[in-house]
Amino acid sequence: MAPILSGKRIMLGISGGIAAYKSVTLASRLTQANAMVDVIMTHSAAKFVAPVTFQAITQRSVATDTFEFWHDAGRLRIGHVALAHAADLFVIAPATAHTIARLALGLSDDLLSITALSYKGPMLLAPAMETNMWTHPATMRNVEILQDWGVDFVGPAEGRLASGEVGEGRVAEPEEIFEEACKVIGRGGPLDGLRVVITAGGTREPIDPVRFVGNHSTGKMGAALARAARDLGAETVLVHAPLAVHPPGGITLVPVHTAQQMHTAVMEELSKTDVLIGAAAVADYRPTDSSDYKLKKSPQQQVISLERTPDILHEVGSQREKSGPGPKLVIGFAAETNDLEANAVAKLKGKNLDLVVLNDVSAPDSGFAVDTNRVTLFERGGNREAWPLMSKDEVAQAIMQRVVVRLGRLDWKRSMGNSQDNLPTD
Ligand code: CTP
C-alpha cells in the first residue's frame with residue numbers, strides 16, 4: 001500500500017489514444033490506495049473508453065464537457081475546474097502529442113486544457129504516441145517547455161505501438177505511473193533534501209559461470225524501505241543484489257551481484273549519503289576460486305574453499321569512528337535464529353550503528369520470502385522496542401518514521417501541495 005496517497009485528491013486527465021484503456025488500471029490502483037480520483041476525459045478519449053468505466057472504478061463523476069455544472073450549497077459551479085484547484089496532483093495519462101502541445105501553448109479550448117491551465121500544483125504527464133511524433137522537434141520543444149515549468153514526465157517506453165511498429169512512444173505501464181505519482185506527491189516531505197541509500201537482496205558469489213553461493217533473501221524489505229523513503233521526499237538509492245520483487249519506481253537503482261560489488265557501490269555513494277540502511281543479506285563468504293568455465297561433475301567429492309567478503313556496514317561504522325561523521329544515520333538488520341537479543345546488541349556495537357532491526361528468521365511469519373515481519377528495534381543509547389507483527393510495508397514505513405524523528409524532522413512543513421480543504425469530497 002501507499003499511505004502517501006491516502007486521502008489525496010488526484011485529477012486524472014485522459015486524452016485520446018488507445019493507451020487510454022491502461023488508465024483504467026491506473027485509476028483503479030489510485031482509488032485502491034484511498035486517493036480521491038477525479039477523471040476528466042477529452043472527447044476523443046471517450047471514444048476509446050466509456051466514461052462510465054472510470055465512474056464505476058473511481059465511484060466519482062467523470063467530466064468530459066466544459067459546460068457540465070456541479071451543485072454546491074445551492075450554487076452551480078463548473079465542478080471539475082474547481083476540484084482541480086484542490087488537487088494534490090494532476091496526472092495526464094495518456095498525454096497525446098496534441099495535448100502536450102496545447103499545454104505548452106497555454107491553450108484552453110476544452111475541459112482538460114482549461115482545467116490544466118487553471119491548476120498550479122504538481123503535474124505528471126505520461127506521453128503516448130507514435131515514435132515520429134514523439135521525436136519530432138515540435139514535441140521535444142513542447143516537452144522541454146513543460147519540464148522548464150516543473151512538469152514531471154514518466155515514459156514513454158520503447159515497445160510495440162498502436163501502429164504495430166516497435167519504437168519509443170509506448171505509454172509507461174500503470175504501475176510505473178502510479179509509483180511516479182507517489183514520488184511526485186511525496187516531494188517536499190520530511191526527508192526532503194536528504195539522500196537515503198538502502199542495500200537489498202541476497203548477494204550471489206559465483207562458483208562458476210552457472211552456479212553461485214546465495215541465500216533466501218527476496219529483497220522485499222529493502223524495496224519496501226526504498227518506497228517508504230521516496231514517499232517521504234528522500235532522494236533514494238537502492239543498491240540491490242538480484243531481487244524477487246519489482247523495485248519501486250522513482251528512485252535510483254544500482255544493480256550488483258556480489259558482496260564485493262555491493263561494497264564498492266556503497267562506498268562510492270557514502271560521501272553523499274545522509275542515511276544508510278543495510279537491508280541486504282550480504283554473503284559473508286565467497287568461493288576462493290571462481291572458475292571461468294562450467295565445472296564438470298566427477299565421481300570425487302568436491303570441496304569448495306571459501307574466503308571472507310568485506311563487511312560493508314562494519315567498514316562504514318569504523319570509518320565513522322576514525323574519520324568523522326559520515327552518514328547522519330546508519331541502520332542495520334540482524335537476521336537471527338537464536339540468541340536474538342545478544343546477537344542484535346553485538347551487531348549494534350560491533351558495527352557502530354545507530355539502530356539495529358532484529359528479526360527472527362526462524363519464525364514462519366518473519367524474515368525471508370514472507371510479506372510480514374515481527375521486529376525489535378535496538379537503538380544506540382539503550383532504547384529497545386518490540387513491534388507487533390506487521391506487513392513489510394508497514395515495518396518499512398515505521399522505520400522511516402523513526403528516521404524522521406531521529407533526524408529532528410517530525411515537524412517538517414511540506415513545501416509543496418495544493419490542497420484547499422474548502423471543497424466537497426464528491
Ligand atoms: N552486512 C554487511 N556486509 C556484510 C554482512 C552483513 O553490510 N558482509 C550487514 C547486513 O546488511 C545487515 C547487518 O550487516 O544490515 C547484519 O547482517 P547479518 O547477515 O545479520 O549478520 P553478519 O554481520 O553477517 O553476522 P553473522 O552472519 O555472523 O550473523
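Trainee: Which residue in E16 stands opposite Thr 199?

Mentor: Gly 278. Before we go on, this is a predicted model, where local features need pLDDT of at least 70 and side-chain atom pairs count only at pLDDT 80 or more, while totals for chains, interfaces and linings use all residues. Residues are numbered from 1 along each chain as its sequence is written, and side-chain values use heavy atoms, with hydrogens and water left out.

Trainee: Fine. What do the E and H labels stand for?

Mentor: They're DSSP runs numbered from the N terminus: strands (E, at least two residues) and helices (H or I, at least four).

Trainee: How do E11 and E16 run, and how many bridges join them?

Mentor: They run parallel, joined by four bridges. Two strands pair if DSSP finds at least two bridges between them.

Trainee: And what about E16 and E19?

Mentor: Four bridges there, and that pair runs parallel. Ile 277 faces Ile 331 of E19 across it.

Trainee: Which way do the E16 side chains point?

Mentor: Val 275 and Ile 277 go one way, Leu 276 and Gly 278 the other, and all are buried (under 20% relative accessible area with a 1.4 Å probe, protein chains only; over 50% is exposed, in between is partly exposed).

Trainee: What's the strand order in the whole sheet?

Mentor: E15-E14-E11-E16-E19-E20-E22-E23, an open sheet of eight strands with mixed pairing. The edges are E15 (252-255) and E23 (384-386), each pairing on one side only. Neighbouring strands are turned by 15 degrees against each other on average, direction ignored.

Trainee: How do E22 and E23 run?

Mentor: Antiparallel, with three bridges. Thr 376 sits opposite Ala 386 in E23.

Trainee: Switching to helices: which strands does H10 lie across?

Mentor: H10 (220-231) lies across E11, E14, E16 and E19, at about 165 degrees to E11. Axes are lines fitted to C-alpha atoms, for helices over the stretch in contact (heavy atoms within 4.5 Å), and angles run from 0 to 180 degrees between N-to-C directions.

Trainee: How do H1 and H9 pack?

Mentor: H1 (22-32) and H9 (174-186) meet at about 40 degrees, axes 9 Å apart. That makes H1 oblique to H9; under 35 degrees is roughly parallel, over 145 roughly antiparallel, 65 to 115 roughly perpendicular and the rest oblique.

Trainee: Which residues make the contact?

Mentor: From H1, Lys 22, Thr 25, Leu 26, Arg 29 and Leu 30; from H9, Pro 174, Glu 175, Ile 177 and Phe 178.
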